[in-house]
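Visitor: Please show me the sequence and the model, and then let us go through a few local features together.

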Amino acid sequence: MKKFNIRKVLDGLTAASSSSASSSAQPGTPRDSEPVQETLQSEHFQLCKTVRHGFPNQPASMAFDPVQKILAVGTQSGALRLFGRAGVECYCQHESGAAVIQLQFLINEGALVSALADDSLHLWNLRQKIPAVLHSLKFNRERITYCHLPFQSKWLYIGTERGNIHIVNVESFTLSGYVIMWNKAIELSTKTHPGPVVHISDNPMDEGKLLIGFECGVVVLWDLKSKKADYRYNYDEAIHSVAWHHEGKQFVCSHSDGTLTTWNVRAPAKPTQIITPHGKQPKDGKKPEPCRPILKVEYKTTRAGDPFMVLSGGLSYETVGRRRACLTVMHGKSTTVLEMDTPIVDFLTLCETPYPNDFQEPYAVVVLLEKDLVVIDLGQIGYPAFENPYPFTVHESPVTCCEYFADCPAELIPALYSVGTRQKRQGYSKKEWPLSGGNWGQGAQSYPEIIITGHADGTIKFWDASALMLQVLYKLKTAKVFERARVKEEKGSADTVDEDPFAVQTLSWCPESRLLCVAGVSAHVIVYRFSKQEVTTDEVQLLEVRMQSDFPDCAVDSPDPGGDQSPPLPQNTAPSSPQQESQDPPAPPGVNSTDAGPRDNIACLQVRSSPLKQSAGYQVELVVQLVWVNGEPPQPITSLGINSSYGLVVFGNSSGLAVVDFVQKTLLLNLGTADLYSPCEPRQPRSPRKTRQPSAALCDSNDGSNPSEERCKSPTSGSTSPCNSDDDRKQNFIEKVKFKSRRFSRTVANDFAKMSRKISSSNDHADKKRSVTTRGSFKVDKVSPTSQHRKTLSRAVSVPNNAKDNSFSRSRSSSVTSIDRESREAVCAFVFCESYGRKGESSLGPCLLVGTTQGAVMMLSLGVPSVPEQRLQQPLTVSSCGTISQLKGGILTMALLDASGTLLSPAYESWYDPNASDEEKERIKKRRPPSPPGSLEGQDSQFLVLCSEKQAKVLALPSQTRLYKHSITEASFVLRADVVNMGGAICLMCFCANGHIMALSLPSLRPLLDVNYLPLTDMRIARTFCFSNLGQALYLTSPTEVQRLTYSQETCDNLQEMLSELFTPVETPEAPNRGFFKGLFGGGAQSLDREDLFGETAAGKASRTLAQHIPGPGSMEGMKGAASGVVGDLARARIALDERGQKLSELEERTAAMMASADSFSKHAHDMMLKYKDKKWYQL
């Protein structure tokens, strides 16, 4: 019987209704050709997270498994990150979101215990690729302060804030009835509470002796069998940590006054040694001056030399201001202080053996910093650091933009890697990375993936993201192109200097030609070419563009759409101050705002005049800068595009757009948004509007810990101004959302305001009314830069320049409603294509699609020479073809499909090395031929896909008739939209501000996916979320972490195979040899049968109200994952049998060793007997 699928039936009904509605709306739409066969269905889509890259945000704790070689890091938000060898990493999250205060591995058993700030314990199963919680235990009456799990023990010691110690069985996660009460541990004569438990550890040579450290400075050695204290050690200063010598005869304590005290176990009266590592030692024998607390100390021994003592903190108060956080390594008589870039959260010393009663033989120190992870090699002179293989430099400078390219050309990654290896720093340890646990996944993904991140300091990083890994390939510093301002001198001026003047606003990359175009917050655009050869540029080519802006308002009523109206003639309007609408970009170096007269023809940054040495990789081809106009700063660039085949760069902002020929180094077009409209069509009217106070400076709502990122003007930011009104601060978040790489419309912002409930009424201010100015034609400027004189390119037209708000709705009157909605129109999207420039044309040609924040889509026709040899001599032409369509909300993406529904990629030029020989250039340099001109014959041959913040449309070209229309959202708005390739089929992916991720089929716009995934909680998500081909997507989930996800059902099904494996079967090292005489006469490590002490038979049951046991949600799932699809019970039994067999094999090995020792002893005894058998007593 055939399976009935209601999902497909609903999809068919939806598509049919959509098609019929569209057809009825456009009776003239040609329908002679066969409809496009769409292969994508709803079952091809499923949304799930894949991997998380980057440094753990706000780390709080750390643990290491010395056998499995796995590192675990817990964060303040309840996240858990596990790391092994390069490419092996895992992310999981506690449901409560409480901070992880401590982690404890069950060494070589594939399990981890986490203690949270909400007084809960969790047991994680690491034997599966996606770890899950097996058990949880929630304390109700006491707060957890410290945990200790002895090696190869199933009993976990829990210290609490009240000073008590409870014991938990990690197998069943139940409490034992055995409790160590604080009043029995301390002396009866003590009148004060000793404080919380800050340390618990057992004697390395005697498991029956437990060392307990209280915060007040009291240390107690507790006998577990007799249930009483053997010794008590008192010191005046508070204790932060305790470390044992491996022989169990001494231990070291670190204190709050910067001292280290060494104690003999059997001499509790006073410490045998007191040292202050960083304090000045007075000559008269007085007590050293106090220092800052030593937060942690570790004491590790070696067989061949002096022991290592590693500690954090303890600096003198005099040097705290001059020195950053330090790690101190004391080895013999030498003391080495290692400065860290950020404060130390925790550190661990890695040793050769997991047994605490053997020589530790330390070989490395893992230092967890607030924003980095450093591993120090203790085996080399100078203690060099290991080169970190993890992608922890994502946040080296705050990320301001992000782009994701899946299924790139195969030769790109090797090319970027070859030039990136020359940038690697020197001085690292020559040894291999010590965290070598886990295995890579066996994924079927073989296509190359590249992620490009732009940063606040102007750097651009290329990352290899193939096969669910992330590795930096190449780093480009765009700030090298400009002169560095003398900060001390400039900051003294009345103008404030932006601390991130080189921040990357947006970028455009052509993978085939390897051309890169970057736009920065200082209104500059840089064009880069890729070369494998180093070159020195005598002078950087510079083009300065003068994009004039003014703020005209209109008091005219909007024209009737059905009537014939002609636009008014152009009028000269005086520019007004932009201070009410936008914040000035960074002031140019060396220019003081107090100088006489307004700034004019001055760029925000100064291009360096000295020769520029450019290493292999991306090298500067051209720099384009917008200049100040009559005291008005240039508006930030909101959209950018580049095409290697035409040799053109186009960029736009709230003033208009500019087209630059980077081959001839000339400006082709400098046009205002108002002039893009055709002379024969009515322009969107302008009504008088309210003047709003400047909004607060933009910052991410959740970035309180990262001030540099808050200061950075992200592509989401647009123009900002200093906060002059407290009321406008309430609209801060809304204002930021309105400018994501282009300006959102005012209606869209209002929708989001209602959704987030953060909007409030703004102050109403009257403004002078002005008249609309439009222009029916435009002038094409062609100016070349020269080395002697850099000419400034200006536009002779005036453009409406209200950068804050945009709206689609056409005004019907000068009512208050229209006043509130109307605003300036900005250019927000570009697409180069080979299409039909005008309605009804029969031949294809180079074109440029332009989208605005008011939902208008225009077409510009490009006159490009057909013969490549004429490209340098023959000038290019640009002509306006008018408006194609109008959508609700700002335009986000545009794409062209052919008649079969295949995505038409822009024409591109194959990559060639610009520094290679001319013969090689001519051999490689071949322009991709455009599509051959075709005749319409009553047929449309292209589909134009348009997507705005509110809706999507599909038009037929060249007839420009609307075929399909879909309303994506009403209550919210779309943040990101991309036309992507899903295994040979094309679809439209959308991410909305309300958290929904949607997929629409093309060209019919049939809904395929709608999942409420992630609500917009901060601007970082809006700024960095991007879709890519083959079902891939990503965003920055925190300032330091990249979250990747997939919307492909096939990828979700294969995710288990693709993920890395944390746990690998490794044999536990042999225990240290006790020796014959120690085994015969004692003196070795004393074992303890904890089951007899802590079991229910001996200790009884614990109070039911003390803690609550919660079964983990992942227990059954974990077994399924570990058994690779076998029934959960069988998997559980198999794991139990494996563990039992492993224990039996260890027992068998121990028995064999004991038998061999007994045989040896018997042989020696027999030889001794034979030697002295026949001798008399006086002969002995």
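Predicted model: local features only at pLDDT ≥ 70, side-chain atom pairs only at ≥ 80, totals over all residues.

Visitor: Which strands stand at the edges of the open sheet of 4 strands?

Guide: The sheet is open and antiparallel, with its strands in the order E29-E30-E31-E32, and its neighbouring strands are turned by 15° against each other on average, direction ignored. Two of the strands have a single partner strand each, so one side of each is left without a neighbour in the sheet, and these are E29 (399-406) and E32 (471-477).

Visitor: Which residue in E30 is the bridge partner of Cys401?

Guide: E29 and E30, the latter spanning residues 449-455, pair in the antiparallel sense over 7 bridges. In E30, the bridge partner of Cys401 is Gly454.

Visitor: At about what angle to E32 does helix H3 run?

Guide: Helix H3, made of residues 412-420, lies across E30, E31 (459-464) and E32. Its angle to E32 is about 65°.

Visitor: Is Ser1038 buried or exposed?

Guide: Ser1038 lies in strand E58, residues 1032-1038, and its side chain makes a polar contact with the side chain of Glu1041 at 2.9 Å. Leaving aside neighbours within four places in sequence, Ser1038 is in contact with Asn57 and Arg1020. Its relative accessible area is 5%, and because the cut-off for this class is under 20%, Ser1038 counts as buried.

Visitor: How many Å apart in space are Pro1111 and Ser172, C-alpha to C-alpha?

Guide: Pro1111 lies in strand E60, residues 1107-1111, and is exposed, with a relative accessible area of 61%. Pro1111 and Ser172 are 939 residues apart in sequence, while their C-alpha to C-alpha distance in space is 9.9 Å.

Technical notes. Residues numbered from 1 in each chain as written. Heavy atoms only, no water. Pairing = 2+ DSSP bridges. Axes fitted to C-alpha atoms, helices over the stretch in contact; angles between N-to-C directions. Contact = heavy atoms within 4.5 Å. Buried < 20%, exposed > 50% of the residue type's maximum accessible area, 1.4 Å probe, protein only. Polar contact = N/O pair within 3.5 Å; in protein donor to acceptor, adjacent residues only side chain to side chain.
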